[in-house]
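The entries follow the order in which I looked them up.

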Amino acid sequence: MKRSLTAKDRLIVALDVSSEAEARALIEELRDEVGVFKCGLELFTSCGTSLFALAREYGVRLFFDAKFHDIPNTVAQACRAAVNQSVDIFNLHATGGSAMMEAAAQATAAAYQELLKAEPKASKPALIAVTILTSMKADTLSDELKVGLPLEKMVPYLAQLAKKSNLDGVVASAQEATAIRETCGDDFLIITPGIRPSWAEANDQARIVTPRDAIARGADYIVVGRPIVKAKDRVVAARKIVEELAS
Ligand code: C5P
C-alpha cells in the first residue's frame, strides 16, 4: 500500500482558512511545492464539497480531516461518499471501535472498486485513524473519561486496533510515532501534525517536533499549517521545509 515518497510528497499543508477564495489562493500558490492539502472542519463547514471540486480542478491530492465517529453504518456511508469525492486521504476516530472501523474499511474498499469502473486510474484512498487527540491530557483520559490504560499505552493500542480493522494508518504526534512504528510495522502510514521548523514560532502547539525529526521518528507525512500559511513568503517557507526533509 505504501509507495515510496519524495520529500515534497511528505509535506501536507493545512488549509486552515474559512473561504473557498482563500483556499484557492493557497492551492494556486503552493500546488507545485507540496504533496497534499488538508481540508479540516472549519473549511469544510464553510465551503462544503466545493472544496473537493476545487482539489479535482487543480489536480492536487487532498486529505479530508473529517474525523468521522458514529455508528458503523453511518460511518461506512460517509466513507463511500468521501471515496466518491475522490479524496486521497480521510480519517475517523479509532475510539469508535473495531466494528465501526471494519465497516469503514469495507465500505471504502467497495466504493473504490466501483470508482475504478468509471475512473480506471483513480488511486486507492488511504483511510486513517485518529488515536487520541494530541490536545487530550493524560489525566483527562484517566480521571475524567475513566480510561484504564495510560495515554502512552493507549495510543499504540488504538493504532494496533486500527491496523487489525484494516485501516491504512494513523494521525499521531511525532512523539508517539516511534512506539506506533514498533507496534504496527513499516507498512502502516503515520501522519504527524505539531511540526515546527527551527525558524518558526511554536504558536499554541505544546509538543512540537522539527520536520526532519518527525521523519526520523517514523512519520511518513507531516502536517504543517501556520509556519507556511502565515509566512511572509509561503513558497519560500514550503521550499525550506521540503529541503529540510530531503537533507
Ligand atoms: O498551524 P499548525 O501547523 O499548528 O496546524 C496544524 C494542523 O494540524 C491544524 O489543521 C490542526 O487542526 C491539525 N492537527 C493538530 N493536532 C492534531 C490533529 C490535527 O494540530 N492532533
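I looked up F64 and found it buried, at 6% relative accessibility; buried means under 20% relative accessible area, exposed over 50% and partly exposed in between, with a 1.4 Å probe and protein chains only. F52 is also buried, with a relative accessible area of 4%.

I noted that this is a predicted model, in which local features need pLDDT of at least 70, side-chain atom pairs count only at pLDDT 80 or more, and totals for chains, interfaces and linings use all residues. Residues are numbered from 1 along each chain as its sequence is written, and side-chain values use heavy atoms, with hydrogens and water left out.

I then turned to the rings. The structure holds 5 aromatic pairs; rings of Phe, Tyr and Trp (its six-membered ring) pair if their centres lie within 6.5 Å, and planes under 30 degrees apart count as stacked, over 60 as edge-to-face and the rest as tilted. The F52 and F64 ring centres are 5.0 Å apart with planes at 70°, so this pair is edge-to-face. Because F52 lies in helix α3 (residues 50–58) and F64 in strand β3 (residues 61–68), the pair ties together parts 12 residues apart in sequence. Helices (H or I, at least four residues) and strands (E, at least two) are DSSP runs, numbered from the N terminus. Ring pairs link F44, F52, F64, F68 and F90 into a cluster.

Last, I followed the strands. I found 3 bridges joining β3 to strand β4 (residues 89–93), the two running parallel; strands pair if DSSP finds at least two bridges between them. The bridge partner of F68 in β4 is L92.
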